Amino acid sequence: MSVLTRDEAQTRAQLLDVQHYSVDLDLTTGDETFESTSLVRFTARTAGDTFVELKPETLHSALLDDEPLDVTTLEGNRLPLRLSEGEHVLRIRTAMRYSRTGEGMHRFTDPSDGESYVYTQLFMEDIQRVFAAFDQPDLKAVFEVSVTAPEGWTVLSNGITEQGPDGRWQAAPTPPLSTYLVCVAAGPWHSVRTEHAGLPFGIHCRRSLAAHLDADADEILAVTKACYDRFHQKFEEPYPFDSYDQAFVPEFNAGAMENPGLVTFRDEFVFRSAVTVTERQTRAMIIAHEMAHMWFGDLVTLRWWDDIWLNESFAEYMGYQTINEACADLFPDTWVDFGVTRKAWGYEADQRPSTHPVAPAPESVPDTASALLNFDGISYAKGASALRQLVAWLGEKDFLAGINIHFKRHKFGNATLADFIDNLAAATERDVHAWAEQWLRTTGVDTLTPALTGEGLRWQLAIDRDGSRPHRIAAGLYDRDPSGELVLRERRELDVPQTAPAELTGPRPALIVLNDEDLTYAKLRFDEVSEESALRGLSRIPDALTRAVVWNALRDMVRDGDLAPREYLEIALAHLTEETELALVQGVLGFARTQIADRYVTEDERPAALATICEIARALLRRTEDGEAPGLRLTAVRAYIDSTGTPEKITSWLDEGTVHGGPELDPELRWRILARLAVLGATDEPTITAELERDPSATGQEGAARCRASLPTAEAKATAWSALFDTDDLSNYLFTATAQGFWQPEQADLVREYVPRFYPAAIALGARRGAVMAEAAGRYAFPSYAIDADSLALGESHLTDDTMIPALRRKLIDQLDDLHRALTARNA
């Protein structure tokens, strides 16, 4: 298959003006394929040759202006067209194959009740798996979609759908859309419908999740309505589509997708089991993120994929900021969660060899394959952090004024970075162009360190910067009161670089925290006195966001080899047991468990690291015996299950169906316990089978696959490996679950023989199954616990293989860099 290049897209955009698609899909022709007909009306500005893209199972016919085309000229995914100047009608009829990997038209049969569901995910190049199209974002057109569906199904699409005779559904014509934003979701959905601001709103899930969606419907719809209203306070352009549906769909590869009028979410967000308030907050943030895309990405769309940050960075920033403003009663500490989870994702991505600017140079994104690599922590978390810094520097009033100019000038069209910066500049006297060059066209993370000089009651605060970006920050100056509490004396706004050191009066602060409100994107270090105060008094810092800034600094110090992993665990033990902010507990425990205990300490040190995490969990369980903090208790239970080195206590929980003192075990906790018992060799296949009979859902199927691959026997590992790499039968989710179970730090000797087998197996799988499955193999099936110089050298030797697809190469570069950091941390 040929990937589309930027030059080809520009040439085709100069040649064609595409006005209208009529798309007809027939979903009644079996479980493997569906029938697809697309009729495209377009104009050629001059005579010329071009092509239309499609990836059919069978190309039945192609007509250009009622004249048949030779279907044998289809090469890969391109059907050539020779055009005269003027108007044309292209009609293509195909059979298309359903996907089991979340690409194109994904088909899923629910093991709970046997009902089937289909939905589209057409991002980047996958519309070609559903119908023929001129597939690039700057050839927008009106879409009219009709679908013939089995009896009892409901069809959802970008516009309001109406059911006609013979199972045929018709969607209302859309405004001009980019091809990748078309969406269809069909099946026997369970739906909750309402109306807001004169528009129909709906939420939908598969029937087996109906009770769980109903339980959360009020919250989901309240968040949706609050975000809708808040965006209309910010944006002058009204919501541009005729309805707002949100479908929670199975085996979805992303968190969600911003299809206009029909947002699709992974249906894990319909919670079957107990979750914490931060997990509910994440769902709310993603609802806000996707709604922001209705303006950023859907109303105004990038011209080419080098400007993907114009979609994702803005949606990420607006998602957190809007939940912070519109849903503060439900989720009061949104930016704390961003700081300790999403921002860390950006910092890590930006320090790898694969880093790239938030807004990469056009020549660095020459085709769609390279563009796909930029959907990462930089385009999301770093870009959102840069925008938060821009708002701090520019002021929200001018920022929103520039955004509204942008929408007005480019609505239902396409725009570039240059367009956006020009529109911001029209709303302010500040040099936004210079800011954009320094922040959006550069890579890496600046490091800021305070330098304090003086004596008595007069001090000068200078800020050493390792990097090149300007920063607008707040420096928090803290004193220690007689009880040992750290008390904020002053929060001083500063610009970096400084024209002169800041003058301070009063005694020497006990603690100086740069970036105290987390308004910029930079790594932080401490002066000697502040570091001692931070390590001794972290839990006594009054503001949770400031504590998040300090925890992030400690995380960076571990990753850079400046703080020994065991010292981080000692700090966690000293302070996490007193922490009240749930997002911080989850973030710190997650890093301690998955990075420090699993990778950054040596095999000999690992039992002690796991014991420390269990000690923290036990302390939190004692703190929460009164039932006043269920989210904190659930977090502690999960951490204990994942970290225990002995099976007795969690076996008793599983046998009794409850944690002593609560909570009772729901499906998520039962599968979590069984997975840990499998790793420890304390369960067996009959027990896993019995649990699957108890929970035969899709989630249960994934839990069983994970447990079976975790069993510490040669037979279990051979079976799992064969399922992963010798056949292509596993869906995307079952592949991930199996891979997650396969590699375990406790089983390093058992799976050592598979380390050299991974690379040729993953390269072959990528060639067969494409980018999504290759990325899954690189992310989940990578031998991440083989941490030694030989494993690093082995992996690096395979990067020269020119048969490796770009998505896998990028993932392996990241994984090998993480392996190198793990080796560095072990030597700290």
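This is a predicted model: local features need pLDDT of at least 70, side-chain atom pairs count only at pLDDT 80 or more; totals for chains, interfaces and linings use all residues.

The axes of helix α26, residues 789-798, and helix α27, residues 806-826, come within 10 Å and cross at roughly 160 degrees. Axes here are lines fitted to C-alpha atoms, for helices over the stretch in contact, and angles run from 0 to 180 degrees between N-to-C directions. Helices (H or I, at least four residues) and strands (E, at least two) are DSSP runs, numbered from the N terminus.

Residues are numbered from 1 along each chain as its sequence is written, and side-chain values use heavy atoms, with hydrogens and water left out.

How do α26 and α27 run relative to each other? They are roughly antiparallel. Angles over 145 degrees count as roughly antiparallel, under 35 as roughly parallel, 65 to 115 as roughly perpendicular, and the rest as oblique. The crossing of α26 and α27 is left-handed, a term used if the near helix is turned anticlockwise from the far one by less than a right angle, with right-handed used if it is clockwise.

Which residues meet here? From α26 they are Ala-789, Ser-791, Leu-792, Gly-795 and Glu-796, and from α27 they are Leu-816, Leu-819, His-820 and Leu-823. Contact means heavy atoms within 4.5 Å. By class, the contact of α26 with α27 has five nonpolar, three polar and one charged residues. Ala, Val, Leu, Ile, Met, Phe, Trp, Tyr, Cys and Pro count as nonpolar, Asp, Glu, Lys and Arg as charged, and the others, Gly among them, as polar. In general, an α-helix has 3.6 residues a turn, so residues three or four places apart point the same way.

Val-336, Asp-337 and Val-340 in α5 meet Ala-583, Leu-584 and Gly-587 in α14. This contact of α5 with α14 has four nonpolar, one polar and one charged residues.

Helix α7, residues 378-394, is mostly covered, with 15 of its 17 residues buried. Buried means under 20% relative accessible area, exposed means over 50%, and partly exposed lies in between (1.4 Å probe, protein chains only). After α7 comes Gly-395, whose phi is positive, near 95 degrees.

Let us turn to a sheet. Four strands form an open, antiparallel sheet in the order β8-β9-β14-β11. β8 (104-109) and β11 (154-157) stand at the edges, each with a single partner strand, so one side of each is left without a neighbour in the sheet. Strands pair if DSSP finds at least two bridges between them; six bridges join β8 to β9, residues 116-121. Thr-109 stands opposite Ser-116 in β9.

Finally, the loops. Asp-66, in the loop between β4 (58-64) and β5 (67-68), has a positive phi of about 70 degrees although it is not a glycine. Asp-66 is exposed, with a relative accessible area of 68%. A cis peptide bond joins Val-496 and Pro-497, with omega about 5 degrees.
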